[in-house]
Amino acid sequence: MYKLVLMRHGESQWNLENRFTGWKDVDLTETGRKQAWEAGELLKKEGYTFDLAFTSVLKRAIRTLWIALDAMDAMYTPVHSSWRLNERHYGALQGLNKAETARKYGDEQVLIWRRAYAIAPEPLDGDDERHPRFDARYSRIDAADLPATECLKDTVARVLPLWNESIAPAIKAGRNVLISAHGNSLRALIKHLDQVSEDDIVNLNIPTGQPLVYELDENLKPIKHYYLGDQEAIAAAMAAVAAQGKAKKD
Ligand SMILES: O=C(O)[C@@H](CO)OP(=O)(O)O
């Protein structure tokens with residue numbers, strides 16, 4: 001049996017401001033840093049150790065990883081950063097407030113933009129300065145692979161090559177792996193691991209800064225999964241993520 005730990009980054013500045021974030025490289029808030037530290041402390045207390053960590057090229061996931069590894073006194077852990085673990089690209093929605101967008105277009109439309117499996121928001125214009133082709137960190141990525149918007153299906157398609165070529169072989173080689181990534185890149189990975197249907201994946205929301213453990217069999221099929229930590233607080237945090245796209249709080 002293998003164990004894999006997934007962790008969404010701690011609260012970011014744009015989580016706090018309730019803005020569509022995607023590939024915008026925003027940092028953690030103080031709360032986000034505290035969540036990352038507590039996640040590391042929890043992992044240490046529960047006896048977890050890691051041989052290898054994977055993260056995105058966005059600082060909220062990278063810093064969460066650094067802080068958690070620091071709390072574990074394990075900053076020596078080798079880290080593989082890949083754009084393939086970036087958050088889903090939110091296209092022209094990036095920067096907009098989610099509740100205001102719901103007031104303008106309706107809760108249902110925002111739910112489609114946030115969670116529909118195969119429907120992507122409007123793309124960024126090719127000349128938009130926010131387009132990833134203008135960002136040096138993506139200069140070695142094939143231009144055809146760089147998104148101007150994505151639906152979750154697109155995110156699954158670009159996460160899977162990293163899973164198949166790097167993460168899965170490392171796990172099968174016996175390495176204890178930690179992945180620090182984003183709400184939707186982790187939903188993409190979970191959809192693949194648990195074979196979640198396109199309908200059911202709509203209802204999966206991942207809270208910030210909470211270690212999620214997957215126990216996998218020898219073929220990397222999930223046996224079970226569970227969050228470490230306070231289960232009630234985690235359930236409340238998941239419901240809060242779901243509610244972010246509503247015009248009014250329930
Ligand atoms: O804005 C985003 O990039 C993501 C994660 O914060 O949000 P959502 O949960 O709406 O997909």
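How many of the six residues of strand β6 (residues 222-227) are buried? The number is zero, so strand β6 lies largely in the open. Buried here means that 20 or more other C-beta atoms lie within 10 Å of a residue's own, exposed means 12 or fewer, and partly exposed is in between, with C-beta atoms placed from the backbone. Helices (H or I, at least four residues) and strands (E, at least two) are DSSP runs, numbered from the N terminus.

This is a predicted model: local features need pLDDT of at least 70, side-chain atom pairs count only at pLDDT 80 or more, and totals for chains, interfaces and linings use all residues. Residues are numbered from 1 along each chain as its sequence is written.

View 1. β5 and β6 run antiparallel and are joined by five bridges. Strands count as paired if DSSP finds at least two bridges between them. Y214 faces H225 of β6. Five residues lie between the two strands of the hairpin. In the loop between β5 and β6 sits L220. Its phi is positive, near 65°, in a residue other than glycine. L220 is partly exposed, with 15 other C-beta atoms within 10 Å.

**View 2. The annotated active-site pair.** The "active site" annotation from the unreviewed UniProt entry covers H9 and E87. Such positions are given in the numbering used here, feature names are shortened, and annotations may be inferred rather than shown by experiment. The pair spans 79 residues in sequence, yet no two of their C-alpha atoms are more than 10.4 Å apart, so they gather at one spot. H9 lies in the loop between β1 and α1 (13-16). It counts as buried, with 33 C-beta neighbours inside 10 Å. E87 belongs to the loop between β3 (79-81) and α4 (98-105). With 27 C-beta neighbours inside 10 Å, E87 also counts as buried.

View 3. Contact means C-beta atoms, placed from the backbone, within 7 Å. Neighbours within four places in sequence are left aside for H9, whose contacts include R60, S180, H182 and T208. With that exclusion too, E87 is in contact with residues including T21, W23, H182 and N184.

**View 4. The ligand shell.** Around the ligand stand N15, F20, T21, G22, E87, Y90, R114, G183, N184, V241, Q244 and G245. A residue is near a molecule if its C-beta atom, placed from the backbone, lies within 6 Å of it. The shell divides into three nonpolar, seven polar and two charged residues. Ala, Val, Leu, Ile, Met, Phe, Trp, Tyr, Cys and Pro count as nonpolar, Asp, Glu, Lys and Arg as charged, and the others, Gly among them, as polar.

**View 5. The nonpolar cores.** A core is a set of buried Ala, Val, Leu, Ile, Met, Phe, Trp, Tyr and Cys residues joined through C-beta atoms within 7 Å. The largest has 39 residues, and those with the most contacts inside it are L6, M7, L65, A68, V177, L178 and I179. Elements giving two or more residues to this core include β1 (2-8), α3 (59-71) and β4 (177-181). α3 gives the most, with seven residues. A second, separate core of six residues includes Y90, A102, V110 and W113.

**View 6. N97 beside N18.** N97 is in the loop between β3 and α4. It counts as partly exposed, with 15 C-beta neighbours inside 10 Å. The C-alpha atoms of N97 and N18 are separated by 5.6 Å, though 79 residues apart along the chain.

Definitions and conventions
Two residues are in contact if their C-beta atoms, placed from the backbone, lie within 7 Å.
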